[in-house]
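Please look at the model first.

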Amino acid sequence: MNNNLAVPNQGNWPLGPHAPGVDPAPGPGQRGYAATNILDIGTILHIVYQWRWLVLAAVAAGLAAATIVTLLTTPLYRAWVTLEANPPTVSVSDDQESERDRTQDSYNFVRTQVGLLTSKSVAERTAQDLNLVNNPTVVSQEADASARLKQATAVVAGNLEVNPPDESSLIKFSFSSPSPQLAAMIANGVADSFINSSLQRRYEASAYARNFLERQIAKTRSDLERSERAQVAYAQAQGIINTGSAEGQAPGDTNSLQGESLLALNRALADATARRVAAEGAFRQGTATGPTSDVTASTSALRGQRATLEAQYQQKRTFMKPEHPEMLSLRSQISELDNQISRESAQMSSGRNNTLSADYRGALAAENALRSRVAQLKGAVLDLRGRSVRYNILQREVDTNRSLYDALLQRYKEIGVAGGVGISPVSVVDRASAPGAPYKPNLLFNLALGLGLGLLAGVAAAVGIEVLNDTIKTREDVRKKLALACLGAVPKTVAKDSFVEDLKNPTSVVSEAYSAIVAALRFSTESGTPKSFVVTSSGPSEGKSSSALALAQNFARRGNRVLLIDSDLRKPAFKAATDKVGLSKLLTTEDGIQGHVLETQHDNLWLLPSGPVPPNAADLLSTARIRKVIAEASERFDIVLIDGPPTLGLADAPLLAAATKNVLFVVESGKTRTRAAIEALNRLEATGAHVLGVALTKASEGGGSGYGGYGYGYGYGLTYGQGKVGKKRTEILLIPHDEV
């Protein structure tokens with residue numbers, strides 16, 4: 001990460017809790033902790049990079065463990081067998097619903113066969129058929145026979161793996177064993193035992209069905225004979241003679257002799273009635289009408305002669321009078337012919353009427369006789385119906401017993417024919433052969449698994465360490481855990497005495513880091529760099545005094561008149577040549593600061609030492625005098641930088657923060673715990689002070705990493721010397737006690 005650059009700022013926004021890109025800080029005493037302790041991808045990657053050696057060690061341990069496990073694992077061989085399940089075929093219609101039912105039945109059948117294949121009975125039968133009980137490579141020979149059988153069954157069932165098909169009817173299963181020959185033998189043995197057990201179950205099922213049908217047939221035969229005897233006895237006692245019924249027709253009244261006679265007489269009565277009606281109609285018509293066609297035919301010759309004479313009479317009438325003898329002769333002949341025609345017609349009509357009357361009377365007599373006989377038979381049939389109720393009940397019982405007997409006998413014949421065929425519902429497609437190479441252990445799989453587990457364990461360990469050791473290490477931690485802007489990160493120096501030397505060189509990574517903080521402070525408030533601010537931390541030895549000195553030198557190097565105040569009245573960080581001047585003296589007197597400010601060996605940098613250690617530091621800082629001192633210093637100097645004491649455990653830092661209203665918070669990377677920093681910030685914000693940001697010290701990130709790192713050089717070879725100290729310049733040893 002980049003350490004020498006300040007947090008990017010857009011426009012004139014102040015850096016701090018309300019700067020762009022920084023989550024707003026909660027109110028005083030309410031700074032969130034749990035909400036900021038989030039492990040996102042970036043945080044996890046940073047943790048992995050920081051603990052990369054631990055992660056690499058865990059990965060190496062995982063690979064080593066995978067290799068050792070692979071070498072120590074006994075090789076296992078797997079033999080495969082493929083079976084085909086043949087579901088029973090049934091005749092179904094072509095509709096879609098029947099097709100779905102058949103597909104579902106086939107699927108259920110295959111799943112059932114898979115379940116039967118993994119059953120304990122198949123494993124036990126395989127152990128018995130292959131004599132695995134006496135095979136020392138399978139079971140120990142020290143136990144008794146029953147115990148060895150249980151062990152062999154457990155070995156077969158435990159190493160058997162069945163792959164149920166998704167859609168097809170092919171069932172694949174395998175058997176694993178340290179011996180390839182034994183794996184193939186047991187796999188084939190399982191297939192044979194499964195098929196034999198299926199055939200045996202079918203045979204046992206058919207045998208049970210045959211025995212059951214034999215018992216049912218015997219019982220049904222006895223019931224049929226008993227019912228038939230009861231029916232015959234009742235028919236004899238009641239005199240019922242049943243002539244039988246048509247196939248598929250229920251017995252009724254017409255099946256008896258009386259019923260058949262009644263039907264015949266009824267049909268004869270209908271015919272007689274029809275003949276009587278016809279004869280009566282002919283008789284009445286002949287009586288009511290004139291000559292008929294037969295009468296007209298018998299007198300046709302006479303009528304022809306009369307017509308001829310009538311024509312002659314009319315012809316001669318034109319020229320003869322009716323009294324003429326010839327005309328009288330013709331009229332006499334015509335009258336004679338009319339008499340003959342009348343006599344002939346009367347004779348023919350009388351004969352025909354007599355015949356029709358005789359036919360009518362005969363048909364009427366036959367009809368009356370048949371009607372009387374039908375009435376007699378009706379009474380006999382009604383009497384038979386009452387006596388046939390019990391007979392019909394016995395007849396239905398006989399029919400039921402006969403149908404049941406025929407059905408049982410037919411089913412018994414079918415089972416007798418199909419029971420001995422022995423068609424297996426499962427057949428072997430591919431038998432197992434001895435595998436040429438073991439499938440376990442798989443070195444590549446184990447190495448991949450060891451790599452994955454080792455990486456997971458390493459990352460988990462690193463994250464666990466980070467969670468347990470909840471310290472602030474990076475800029476991201478400052479932004480997420482403290483909800484503040486990180487103004488800069490100062491790298492950790494190699495040697496203890498190199499910090500002061502690095503401050504002398506403006507191109508060193510330490511000087512560049514503090515230059516970035518100084519540049520960021522220009523945007524920490526709306527009015528620019530604050531005139532006065534306190535540099536403090538949550539605990540001691542976090543680099544606050546070193547940071548105060550470095551910032552003071554950077555401000556002074558830019559031409560600002562800087563006053564560095566050592567406000568730690570309990571444990572001063574800067575040593576002065578005399579204890580007669582200092583902050584504690586100013587707080588107990590009304591003196592001006594000009595007599596207590598000391599000029600240092602650095603241009604534009606003055607020091608107000610802490611002075612003699614008072615017995616009541618907090619009481620001195622709680623008075624209004626400290627505000628007057630800071631106000632007077634702000635009038636005389638461009639920048640007043642106060643090196644304050646730690647915040648936690650003391651009241652000094654909050655009092656100074658309340659007096660200056662601006663605080664620069666220093667956090668030591670990898671040491672300051674989040675809860676401690678939050679507690680300190682809550683105390684500072686409770687005073688109403690504005691936290692300008694966080695300076696991260698002793699950071700291990702980003703130093704000398706090319707462009708954007710502190711190792712980027714400008715090439716102008718400037719050196720920073722102490723210069724000469726005049727007579728009025730007081731030699732002050734500016735070496736803080738908590739140097740970075």
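**Sheet and helix packing**

V534 has V663 in β11 as its bridge partner. The model is predicted; local features need pLDDT of at least 70, side-chain atom pairs count only at pLDDT 80 or more, and totals for chains, interfaces and linings use all residues. Residues are numbered from 1 along each chain as its sequence is written, and side-chain values use heavy atoms, with hydrogens and water left out.

**Sheet**
- Strand β6 (residues 532–537) and strand β11 (residues 662–668) run parallel and are joined by four bridges.
- Helices (H or I, at least four residues) and strands (E, at least two) are DSSP runs numbered from the N terminus.
- Eight strands form an open sheet with mixed pairing, in the order β5-β12-β11-β6-β10-β7-β9-β8; two strands pair if DSSP finds at least two bridges between them.
- β5 (486–491) and β8 (598–599) are at the edges with a single partner strand each, so one side of each has no neighbour in the sheet.

**Helices on the sheet**
- Helix α19 (residues 625–636) lies across β6, β7 (562–566), β9 (605–608) and β10 (639–643), at about 140° to β10.
- Angles run from 0 to 180 degrees between N-to-C directions, and axes are lines fitted to C-alpha atoms, for helices over the stretch in contact.
- Helix α21 (residues 674–686) packs on the sheet and touches β6, β11 and β12 (690–699); its direction makes about 170° with that of β11.

**Helix pair**
- The axes of α15 (residues 509–521) and α16 (residues 544–557) come within 9 Å and cross at roughly 75°.
- α15 and α16 are therefore roughly perpendicular (65 to 115 degrees) to each other.
- Contact (heavy atoms within 4.5 Å) involves residues including Y514 and L521 of α15 and L551 and F555 of α16.

How values were computed: Angles under 35 degrees count as roughly parallel, over 145 as roughly antiparallel, 65 to 115 as roughly perpendicular and the rest as oblique.
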